[in-house]
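These are comments for a colleague who is new to reading structures. Please keep the sequence and the model open while going through the points.

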Amino acid sequence: MKAVLFEQYGDMPTIKKVADPTPENHGVVLKVMATGVCRSDWHGWIGHDPDIPLPHVPGHELAGIVEAVGKDVKNWHIGDRLTVPFVGGCGHCPECDSGNQQVCDNQFQPGFTHWGSFAEYVGIHQADLNLVQLPNEMNFVTAASLGCRFITSYRGIVDQGKVSDGDWVAVHGCGGVGLSAIMISKAYGANVIAIDIDDQKLEFAKSIGADFGINAKIATNVPEAIFEITKRGAHISMDALGNPETCRNSIRSLAKRGKHIQVGLLVADQSTPNLPMDIVVANELEIIGSHGMAAHRYPEMLNMIASGKLEPEKLIGKEINLAQSIDALINMNKFQSNGVTVISDFQ
């Protein structure tokens with residue numbers, strides 16, 4: 001098969017012919033029909049996760065068709081149209097037993113723990129537990145865009161943040177995660193403030209549901225600007241970027257007893273930011289991490305998509321081919337594009 005491969009962290013990836021994957025007894029092989037290009041892929045390529053085996057094929061947001069099935073798989077058959085969360089569970093640890101496969105003790109992640117979906121085929125483990133059947137009306141590009149950013153935001157806002165009608169939600173960073181959080185918050189009846197340093201991204205955020213936009217390059221104090229709009233602060237504030245400044249701004253933006261949701265990755269020398277714990281204590285704030293969403297939680301989200309309450313297809317910025325994915329990957333940290341970039345051509 002053709003795949004995007006890098007030999008060392010930070011080295012220029014190339015397209016190479018590599019062996020096709022074979023299914024684990026408990027897994028399947030998917031023919032990749034679409035896969036997103038995510039900033040997490042950039043983190044992996046640059047070397048922020050030193051446990052990634054080399055050489056490596058990135059890619060973790062995907063949708064495809066079952067090409068081969070392991071002998072122990074019961075639920076899926078060749079030809080099934082499926083997608084998968086970017087974190088999969090093992091099915092036999094305490095976290096999986098409690099339904100929290102997204103923090104499985106023995107989790108697998110295509111594009112991190114093993115070769116990913118910047119390729120014609122990809123292997124998926126523990127298929128009966130981790131795969132999700134696609135509605136017939138959903139195309140592969142939209143389905144691929146769900147696999148990391150949308151589901152992470154959905155669980156972050158709905159399950160972790162427990163958003164309610166009329167809440168104020170502040171979203172720091174209008175990339176794929178942030179835009180997803182904005183759309184989801186609005187669908188649940190929240191008032192939404194988008195924060196970014198790019199006016200074009202802020203306008204796009206307003207087009208998919210944000211009520212207000214704050215340019216953090218212009219605003220001298222982002223938390224004060226949020227308090228000016230909300231009067232008492234945000235009930236939920238999400239750092240969708242992953243930066244010490246956006247993390248601190250998110251916490252300082254909160255109303256008393258508000259929830260800060262951290263989904264943006266803080267890695268390398270940014271992994272331990274100084275946080276305003278004085279107001280966390282004084283205002284009884286909650287700091288909550290959110291890491292993907294288990295396959296069994298997809299139906300509620302898919303029902304909202306089917307009903308038109310959520311429209312993730314609006315977040316697709318552009319479709320590219322496999323050769324173009326190399327440039328998209330290595331430049332992911334420059335935040336040059338609006339919306340989600342999806343590879344949909346593997347020839």
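Which residues are linked in a network of salt bridges? The network joins Asp-159, Arg-297 and Glu-300. The points below start with the ground rules and then come back to this group.

1. Ground rules. This is a predicted model, in which local features need pLDDT of at least 70 and side-chain atom pairs count only at pLDDT 80 or more, while totals for chains, interfaces and linings use all residues. Residues are numbered from 1 along each chain as its sequence is written, and side-chain values use heavy atoms, with hydrogens and water left out.

2. Salt bridges in total. The count is ten salt bridges, where a salt bridge is a side-chain nitrogen of Lys or Arg within 4 Å of a carboxyl oxygen of Asp or Glu.

3. Arg-149 and Glu-61. These two side chains form a salt bridge, with N to O at 2.4 Å. Arg-149 belongs to helix H4 (residues 140–160) and Glu-61 to strand E4 (residues 61–69), so the pair ties together parts 88 residues apart in sequence. Helices (H or I, at least four residues) and strands (E, at least two) are DSSP runs, numbered from the N terminus. Both Arg-149 and Glu-61 are buried. Buried means under 20% relative accessible area, exposed means over 50%, and partly exposed lies in between (1.4 Å probe, protein chains only).

4. Arg-297 and Asp-159. Arg-297 and Asp-159 are both buried.

5. Lys-201 and Asp-198. Here the closest N and O atoms of the salt bridge are 3.8 Å apart. Lys-201 is buried, at a relative accessible area of 6%, whereas Asp-198 is partly exposed, at 27%.

6. Cysteines. How many disulfides are there? The count is zero, a disulfide being a pair of cysteine sulfur atoms within 2.5 Å. For Cys-90, the closest cysteine sulfur is that of Cys-104, at 3.5 Å, which is too far for a bond. Cys-90 is buried, with 8% relative accessibility. For Cys-174, the closest cysteine sulfur belongs to Cys-38, and 16 Å is again too far for a bond. Cys-174 is also buried, with 2% relative accessibility.
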